[in-house]
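Please keep the viewer open while you read.

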Amino acid sequence: MNKDNINRRAFLERLGSIGALTAAAGAFPWFQSCTPKATDETKGNVARLGIIGPGSRGLLHIRHLLDIDNAKIVALCDNYPANLEKAAALVPGAKLYTDWRKLLEDKEVDGVIIATPLHLHYEMTIAALEAGKHVFCEKAMAYTQEQCLEMYRKHQQTGKVLIIGQQRMFDPKYLLAMKRIRSGEFGPVVNVRGYWFRNGDWRREVPADHPELERHINWRLYREYSRGLMTELACHQLQNGTWATGMLPEKVIGTGNLVYWKDGREVQDSVCCIYTFPNGVNMTFESVISNKHLGMGESILCKEATIDLPGNRIYREHATYKSGMHHLITDIEKGIFSSTAFAGTSWAADNNRDLHGEVILEDAVPGIEGDGSIELMQTFCNSVISGEQPKDVLEEGYYGSILCLMGDDAILQERTVKMEKDWII
Amino acid sequence: MGDFYFSEKNPRAPIAFCAFDAMHTRFEALWVPDGGCLVYDECRALAERIESEILRMDAIFNRHDPASPVARLNGSRGRVKVEGEELWFLLELGEQFRKASLGYFDIAALSNRGSALQGSSGRSAGASGAAPGAAEDAACASREMPRTEGPWAAEDAADAYGEVPGPGGAWAAEAPFRLIHGSHEIETRRGCILDFGAIAKGYALERVRKILDEAGVRNALLNFGGSSALGMGHHPLGPHWEVRPATPVPCENSALLHTEQAEERGADRQTEAGESAEEGVTPKKVERCFRLLDSAMSVSGKNREGRDHIVNPITGRMAGAKADIVVQGRSAIICEALSTALYAAPSELHKEIIANFGGYTFTALPREALQ
C-alpha cells in the first residue's frame with residue numbers, strides 16, 4: 001500500500017475521531033451516511049459498482065473506491081480505449097464494456113458511477129435508474145434545468161439512490177465552518193465569493209494519429225457536450241452560497257467572453273456571474289483561465305468574519321489580541337513560575353487585520369484527500385448497500401446545478417435570469 | 001466593563017486579571033491581591049477603577065477624538081490655553097525628551113508630514129540635498145539643543161521648542177509649536193500635529209501603578225498592547241516577572257542583537273516544586289527574555305503588519321530601522337519615549353542618546369524577532 005493509500009484510509013478513519021463533526025453531522029444529516037458508524041452498519045455487505053467513464057475524474061473515484069472496504073468495482077465502461085485500459089490496470093478483475101447500456105444490463109452491478117461528459121448525464125442517469133441501479137452522477141447534474149428536474153423525478157419514482165458529485169458537502173472543514181456560519185456565530189452572511197482562476201488552455205492531449213477525437217476528448221470546449229466554465233467549475237462554489245445562507249438565489253446576471261484561448265473552442269474562457277438572494281445578498285462566481293494569480297477561492301463574508309473555506313481559515317473582522325497573559329494565569333494556578341510572551345510593537349485593533357486567521361479544522365489534510373471526495377464515495381457505497389437515499393444530498397446537488405445553468409443562460413442570453421417556480425423541488 | 005477574572009485556584013498565589021480595549025489597543029493587568037484587597041469584590045472594584053482611569057487618559061490624549069483636548073489643540077492656531085495639568089505635564093515632558101534624545105523623540109513629529117512625503121527633506125533637515133544620514137547629522141547640529149538645560153525653565157516665552165527666543169521674541173523658524181510656561185499656553189503653527197501615542201501608554205501605566213500601589217498591591221504585571229509593560233514587584237512564584245517576545249527569539253539567530261540587560265531563559269526554568277517546567281528544552285531553544293522587577297519595558301519598531309509607522313522627526317520621513325528596539329528601566333513613560341527615539345535615530349547615536357537617560361538600557365532585536 002503506498003503513501004496515498006494510507007492517507008486516504010487514515011482520513012476516513014479519522015472522521016470518527018473529530019468530535020466536532022458529530023455536531024456538524026447533526027446539522028447536515030447527509031454526512032451521517034459516511035461516518036464509521038454508518039459504514040459499520042453495512043458490515044458483511046459490499047456495494048458492487050460499475051464505472052461509466054473512467055477518465056480523469058473517474059480514475060480518481062476508482063482510486064478512492066479501492067480504499068473503501070465495502071466497495072467492489074465489478075465493471076468498467078468507456079468508448080475510449082485508452083481510458084478503459086488505464087482503469088482496467090487498476091481493477092484487473094472488472095468486466096469491461098464499451099457500451100454503457102450493456103453495463104446497465106449487468107445483474108452483478110448494484111450501482112453505477114457516471115463520470116462522463118455533461119451531455120450524457122441525463123440519458124445515462126435516467127436509464128440507470130430505470131434499470132434499477134443506484135446512481136452517482138458527476139456534477140453538473142445535466143445540460144438543462146429541465147433535464148435536472150426530470151432526473152430528480154425519476155429518482156423519486158424509482159426509489160433508487162441518486163447522488164450528485166458535490167464533494168464539498170462532505171469535506172469536514174466545510175461542514176464545521178457551515179455549521180458555525182448557520183448558527184450565526186459570525187453574524188449574518190453579507191456576501192458569497194467564489195472564483196477559480198487558472199492559466200492553461202483547458203485542453204487534454206489528442207493522439208496525433210487520431211485528430212478526429214478532438215471533440216470527443218476535449219468535450220469541455222464544445223457547446224454540444226458542455227456548457228463550459230459554468231458547468232465544469234461553478235457548481236461547488238455556488239452550492240456554498242445556498243448552504244451558507246439556507247436560501248436559493250432568486251436571480252442572476254452574467255457576462256462571459258472568449259478573451260484569450262481563441263482556438264476554435266465554443267465556450268467562454270472568462271465568465272462572471274452575480275446571483276442575488278431574496279434578502280439582497282450577492283453571490284459572485286468568476287473564472288478566468290488565462291491568469292492563475294488569484295487561484296481558487298471560496299469565501300463566505302459575514303458581518304463579523306470572513307470564512308475562507310478551502311483555506312481552512314476564519315478571519316475575524318475585529319482581530320482579537322492574543323497575549324501570553326492567559327497562559328501566565330494558568331501557570332500560576334498550577335503553581336508554575338513561567339514567563340509570558342507578549343512583547344512586540346504595539347498591537348492595534350484598528351490597523352491589524354486578522355492576517356493569520358483561525359483554523360477551522362486542525363490538521364486538515366490539504367489537497368484532494370481532504371476535499372470530501374473519499375467521504376462522498378463512502379456515502380455512495382453505504383447508500384447502495386442500504387438502499388437509503390442520504391438526506392438532502394441530492395437536493396443540494398440539484399440546486400448547485402440549476403444555478404450553474406441559470407448563470408450560463410444569463411451569459412448567453414444577456415439578460416437577468418430568474419429562478420423559475422417549476423425548478424423548485 | 002471589560003474582562004475580569006479572579007482566581008484562588010492556587011491558594012498560595014491568588015490572582016486578579018482585567019483586560020479591556022483602550023488607546024487603540026488592549027490593556028491587561030494581572031495582580032496579586034494581597035495587602036488588603038483579597039476578595040473578589042475588592043479586586044473587581046479595583047479593575048473598574050483602573051479601566052475608568054485609562055479611559056480618562058484616552059479621552060485626553062486621543063488626537064483622533066475630536067472632543068479630546070489634544071484634538072482641539074491640533075485644530076487651533078496661534079496662542080491657546082492648554083486644558084488640564086496632565087496635558088501640560090506631558091507637553092513639557094515631551095519637550096524634555098526631545099532635547100535629551102537629540103531630537104529623535106518629538107510629539108510634533110507628524111507636523112508638516114505632507115511636504116516631507118512629497119520629497120522635502122523634512123522640517124529640520126534643510127534642503128542641502130545631502131544623503132539622509134548626513135542631512136540628519138547636519139540638522140541635529142544646527143538645532144543646538146541645550147541638552148544640559150534644567151527642566152522647564154520658568155521664564156515666560158523662553159525655551160520655545162529648544163531654542164531661546166531672539167530679542168524680538170521670535171521662535172525657531174521651523175518649530176511647529178512653543179510652550180509659554182507662565183500662562184500654560186501653547187502657540188502652534190500651521191501644520192502642527194501633536195501626537196502623544198509614543199508616551200501616553202507609558203503615562204497610563206504609571207497611573208495604574210499608582211492606583212495599585214494605593215490599593216496595597218505590591219506585585220503586578222501590566223501590559224499595554226505588547227509594546228509597553230510594567231512589572232510591579234515580582235511574580236508570585238518567582239523573583240521577578242519574565243516577558244518574552246510574542247514570537248520566540250532563538251539566540252543562535254540573533255546576529256543583529258545588541259543587548260545590555262536582556263536575559264536568557266530556557267532549560268533552567270523551574271517550577272514552584274523545583275522541577276523543570278520544560279522537560280527536554282535544550283540550550284539551542286533558549287529564548288530571549290526580559291526580566292521586570294519594579295521596572296518597565298517598551299518596544300518600538302514597525303507595526304505588526306510590517307509597516308513603518310514611526311516618523312523620524314529630523315528627516316520627516318518614516319524611520320525604517322532594521323531592528324526593533326526594546327528599552328528597559330524604571331519609568332514606563334521614559335521607556336516609551338526612549339524606544340521611539342532610538343528606533344528613529346541612527347544606530348551610531350544610540351549610545352549618546354541612552355547616556356542622557358541614566359538607569360535605562362536598550363536591546364536591538366532583529367525585525368522578525370517580535371512578530
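The notes below cover backbone geometry, a helix pair and a strand.

## About the model

This is a predicted model, in which local features need pLDDT of at least 70, side-chain atom pairs count only at pLDDT 80 or more, and totals for chains, interfaces and linings use all residues. Residues are numbered from 1 along each chain as its sequence is written, chains are lettered from A and ligands numbered from 1 in the order in which they are written, and side-chain values use heavy atoms, with hydrogens and water left out.

Most peptide bonds are trans, and most residues other than glycine have a negative phi. With that in mind, look at the bond from A:Lys139 to A:Ala140, which is cis with omega near -10°. A:Ala140 sits in the loop between strand S5 (134-137) and helix H8 (145-158) of chain A. Helices (H or I, at least four residues) and strands (E, at least two) are DSSP runs, numbered from the N terminus.

Two non-glycine residues with positive phi are also worth a visit: A:Trp202, near 65°, and B:Asp294, at about 50°. A:Trp202 belongs to the loop between strand S7 (189-197) and helix H10 (214-217) of chain A, and its relative accessibility of 8% makes it buried. B:Asp294 is in the loop between strands S12 (287-292) and S13 (295-300) of chain B; at 38% relative accessible area, B:Asp294 is partly exposed. Here buried means under 20% relative accessible area, exposed over 50%, and partly exposed in between (1.4 Å probe, protein chains only).

## A helix pair in chain A

Helices H9 (residues 172-182) and H12 (residues 234-245) of chain A pack at about 40°, with their axes 8 Å apart. That makes H9(A) oblique to H12(A); angles under 35 degrees count as roughly parallel, over 145 as roughly antiparallel, 65 to 115 as roughly perpendicular and the rest as oblique. Axes are lines fitted to C-alpha atoms, for helices over the stretch in contact, with angles from 0 to 180 degrees between N-to-C directions.

Among the residues that meet are A:Tyr174 and A:Met178 of H9(A), and A:Asn240 and A:Trp243 of H12(A). Contact means heavy atoms within 4.5 Å.

## A covered strand in chain B

In S13(B), six of six residues are buried. B:Ser295, B:Met297 and B:Val299 lie on one side, with B:Ala296, B:Ser298 and B:Ser300 on the other.

S13(B) pairs antiparallel with strand S8 (residues 228-232) of chain B over four bridges, and B:Ser295 is the bridge partner of B:Gly231. Pairing requires that DSSP finds at least two bridges between two strands. Five bridges join S13(B) to strand S14 (residues 323-329) of chain B, again antiparallel, and B:Ile325 partners B:Ser300.
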